[in-house]
Amino acid sequence: MPYSKIVLTDADVQRVVDRIAHQILEKTHGAQDVVLLGIATRGVPLSRRLAERIRTFENLSLPVGTLDITLYRDDLRQKAVRAVGRTEEPAGGIDQRRVVLVDDVLFSGRTIRAALDALSDLGRPSAVQLAVLVDRGHRQLPIRADYVGKNIPTALSEQVKVRLAEIDGVDEVRLESAA
């Protein structure tokens with residue numbers, strides 16, 4: 001029987017973003033030489049929210065960019081055709097800076113592997129870290145996030161659906177059974 005359960009409400013999402021912003025500030029010693037790079041699609045508004053929260057907390061403007069990984073995916077032949085998005089390098093580039101990749105859900109690790117490949121075409125950062133709203137487990141590659149909003153244990157038959165106000169009109173994270 002299909003089900004859908006809210007695991008993060010609007011208030012929870014805001015609280016998680018605040019916590020990740022604080023963690024970035026703490027682990028990077030005040031976000032010196034940090035740039036945020038949102039992975040399309042929902043990583044982009046999340047990276048902008050993190051930058052805004054850091055600006056609120058520390059009066060510090062972090063450069064924010066976007067990373068489209070479509071052409072770097074290893075499943076291009078297996079999935080339906082998808083339009084290629086835009087990659088926007090953050091102001092000042094990424095060379096010799098700490099890049100924090102931002103995404104909504106960490107699952108198999110394949111999206112992040114593609115992001116690392118795409119990142120290498122942009123330049124050479126001094127370090128790369130990963131911030132995700134949700135880690136649902138089931139890794140196929142040895143990748144872990146440095147900043148995790150919420151760990152949600154899932155079955156492979158379940159899906160984690162992130163909805164963000166900038167794209168979907170509402171902030172929430174749902175756990176759903178596969179149809």
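Rings of Phe, Tyr and Trp (the six-membered ring in the last case) are taken to pair if their centres lie within 6.5 Å, with planes under 30 degrees apart counted as stacked, over 60 as edge-to-face and the rest as tilted; by this criterion, a search of the whole structure finds 0 aromatic pairs. The structure is a predicted model, in which local features need pLDDT of at least 70 and side-chain atom pairs count only at pLDDT 80 or more, whereas totals for chains, interfaces and linings use all residues. Residues are numbered from 1 along each chain as its sequence is written, and side-chain values use heavy atoms, with hydrogens and water left out.

Helices (H or I, at least four residues) and strands (E, at least two) are DSSP runs numbered from the N terminus, and two strands are said to pair if DSSP finds at least two bridges between them. On this basis, 5 strands form an open sheet with parallel pairing, in the order S3-S2-S4-S5-S6. S3 and S6 stand at the edges with a single partner strand each, so one side of each is left without a neighbour in the sheet. The twist from one strand to the next averages 25°, where axes are lines fitted to C-alpha atoms, for helices over the stretch in contact, and angles run from 0 to 180 degrees between N-to-C directions. Within this sheet, S2 and S3 pair in the parallel sense over 4 bridges, and leucine 37 stands opposite glycine 65 in S3. Contact is defined as heavy atoms within 4.5 Å. H1 packs on the sheet, where H1 touches S2, S4, S5 and S6 and its direction makes about 150° with that of S6, while helix H3 (residues 110–122) lies across S2, S3, S4 and S5, running at about 150° to S4.

A further open sheet is formed by 3 strands in the order S1-S8-S7, with antiparallel pairing. Its edge strands are strand S1 (4–8) and S7, each of which pairs on one side only. S7 is joined by 6 bridges to strand S8 (residues 172–177), and valine 160 stands opposite leucine 175 in S8. H1 also lies across S1 and S8, running at about 35° to S1.

Helix H2 (residues 43–58) has 16 residues and reaches 22 Å from its first C-alpha to its last, close to the 22 Å expected, the expected span being 1.5 Å times one less than the number of residues. Residues are called buried under 20% relative accessible area, exposed over 50% and partly exposed in between (1.4 Å probe, protein chains only). The buried residues of H2 include Val44, Leu46, Leu50 and Ile54, and among the elements covering the buried residues are helix H1 (10–27), strand S4 (98–106) and helix H4 (165–168). Just after H2, asparagine 59 takes a positive phi of about 55°.

Several individual positions were also examined. Glutamine 129, in strand S5, is buried with a relative accessible area of 11%; beyond residues up to four places away in sequence, the contacts of glutamine 129 include Thr28, Arg98 and Tyr147. Serine 108 lies in the loop between S4 and H3 and counts as buried at 12% relative accessibility, touching His138, Arg139, Gln140 and Leu141 when residues up to four places away in sequence are not counted. Threonine 154, found in the loop between strand S6 (147–151) and strand S7 (158–163), is likewise buried, at 13%, and is in contact with Arg136, His138, Val160 and Leu175, leaving aside neighbours within four places in sequence.
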